[in-house]
Amino acid sequence: MKVAILGIDGYIGWPLALRLLSRGHEVVGVDSLYTRKRVAEVNSDSVTPILSMEDRIKALEENGLGRIKFYKGDVNDPDFLYRVVKETKPDTFVHLAEQRSAPYSMIGLSQARETLMQNMGGTLNLVYAMKDIVPKAHLLKLGTMGEYGTPNIDIPEGFFNVKYNGREDYLPFPKFAGSWYHWSKVHDTNNLMFANRVWKLKITDVMQGVVYGTQTSEINKYNLYTRFDIDEVWGTALNRFCTQAVLGYALTAYGKGNQRRGFLSLEDSIKCLTLGIEKEPEEGEYRVYNQFDEHYSINELTELVAKRAKALFNRDVEIKHYPNPRVEKEDHYYNPEHKKLKELGYKPSRNLPEDIESILKDVYKFREKAENLRSVIEPKTVWEKSKGN
Ligand SMILES: NC(=O)c1ccc[n+]([C@@H]2O[C@H](COP(=O)([O-])OP(=O)(O)OC[C@H]3O[C@@H](n4cnc5c(N)ncnc54)[C@H](O)[C@@H]3O)[C@@H](O)[C@H]2O)c1
């Protein structure tokens, strides 16, 4: 199968490319190198050593994984994206090429506009290019579990049966996103449903939980790391906590710490995406997967990290509760469904408590680099203080 990975240089894009190539697929890569640039702008960097995109392409060939076609450019530029689609005509598009930080989107109006316009623009360009050039292709698009928010009822996979004033329908579940970033994903979802309805495009919309970890089978086999961000803007909860524990820094729990979210390992994220690519939807189908393995509260995560770090480094790790920079419920019900990927044959291969140890060990290897990033760890981006014009 020919698969175009939009966002191939990212945390998920790179290990996905390694997995697809090692399973014999042809890969076309697209990336503007946006994340590298924006991470550097907040004086941060990946803790794991990552090669430049040119060197990554060479390393694929040297390791016998084959030559990939790479296009450097912005998917929000319709001329660029149309050229890529015309020249390559992929069977499947995996769309990861979006601004992916909630805190970044909440810094101020300029970042909010960038997130909304760029994310929605890129997805819109893609569905048009698919309709015009490869209408039978499959689009697998990354959304987030954060689109749903934390309602006081169970969260279905995209749609649910509703009874209202004596009538019934099967409707999209209401969304309550918690940042401009998460809203950009909600708007994408609406646009994808519409593109499916009018042009019958084949679409898988993945509501992904928070991904953690440094390893996949291919990263380990070829020693070709993916990025690992730990600063307050670009890092996610568990990856940040593990790094803080290695550095002997207090773990940064926001608010009461009862906020609960779905998590899955990088290995399992790649496994699910590969399954979604290889078992594509029916002609004209729009399907939604909730993709996560386990849910944990922030307090449970910090306690697990502190316990493992104590066992590994014989060091007491402090857990510090910061005033919550986000506007979010701190005590809430959380019970999202996640059956559909299992029905396709997905079996989780890792679990979070065991994986914490592998993250701690990997970060320990690169602790000098992590040490240089101390100044960007504390939370600074406060939702209520998002800057206007
Ligand atoms: N990592 C997670 O925990 C997580 C969880 C849920 C959803 N997601 C979603 O999965 C996708 C991938 O996440 P990630 O963690 O790999 O992020 P990432 O930032 O590491 O990767 C995204 C890649 O896309 C590129 N990119 C961004 N905007 C682009 C544009 N307009 N044109 C071309 N390239 C562009 C970036 O340079 C980067 O290499 C994102 O859409 C993100 O929102 C991630």
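**Ligand site and selected elements**

The ligand is surrounded by 27 residues, and the closest are Asp31, Thr35, Asp74, Tyr181 and Lys185; a residue counts as near a molecule or strand if one of its heavy atoms lies within 4 Å of it. This is a predicted model, in which local features need pLDDT of at least 70 and side-chain atom pairs count only at pLDDT 80 or more, while totals for chains, interfaces and linings use all residues. Residues are numbered from 1 along each chain as its sequence is written, and side-chain values use heavy atoms, with hydrogens and water left out.

- Aspartate 74 places a polar side-chain atom 2.8 Å from a nitrogen atom of the ligand.
- Serine 32 has a backbone N or O atom 3.1 Å from a nitrogen atom of the ligand.
- For glutamine 208, a polar side-chain atom lies 3.5 Å from a nitrogen atom of the ligand.

- Helices (H or I, at least four residues) and strands (E, at least two) are DSSP runs, numbered from the N terminus.
- Five of the five residues of strand 1 (residues 2-6) are buried, where buried means under 20% relative accessible area, exposed over 50%, and partly exposed in between (1.4 Å probe, protein chains only).
- In a regular strand the side chains alternate between the two faces of the sheet.
- Lys2, Ala4 and Leu6 point one way from strand 1, and Val3 and Ile5 point the other way.
- Strand 1 pairs in the parallel sense with strand 2 (residues 26-31) over five bridges, given that two strands pair if DSSP finds at least two bridges between them.
- Isoleucine 5 is opposite glycine 29 in strand 2.
- From strand 1 the chain crosses through helix 1 (residues 13-22) to strand 2 in a right-handed β-α-β crossover; right-handed means that, with the strands pointing away from the viewer, the path from the first strand over the helix to the second runs clockwise.
- Strand 4 (residues 92-95) runs parallel to strand 1 and is joined to it by four bridges, with valine 3 opposite threonine 92.

- Helix 7 (residues 180-199) has 20 residues and reaches 28 Å from its first C-alpha to its last, close to the 28 Å expected at 1.5 Å a residue; the expected span is 1.5 Å times one less than the number of residues.
- Lysine 200 follows helix 7 and has a positive phi, near 60°.
- Threonine 189 is found in helix 7 and is buried, with a relative accessible area of 4%.
- The side chain of threonine 189 makes a polar contact of 2.8 Å with the side chain of glutamate 147.
- Beyond its neighbours within four places in sequence, threonine 189 is in contact (heavy atoms within 4.5 Å) with Glu147, Lys175, Asp205, Met207 and Tyr286.

**Threonine 48**

- Threonine 48 sits in the loop between helix 2 (34-41) and helix 3 (53-62) and counts as buried because its relative accessibility is 2%.
- A polar atom of the threonine 48 side chain lies 3.4 Å from the backbone nitrogen of phenylalanine 228.

**Helix 10**

- In helix 10 (residues 266-278), eleven of the 13 residues are buried, among them Cys272 and Gly276.

Note on methods: A polar contact is a pair of N or O atoms within 3.5 Å; within protein, one must be able to donate a hydrogen and the other to accept it, and residues adjacent in sequence count only if both atoms are side-chain atoms.
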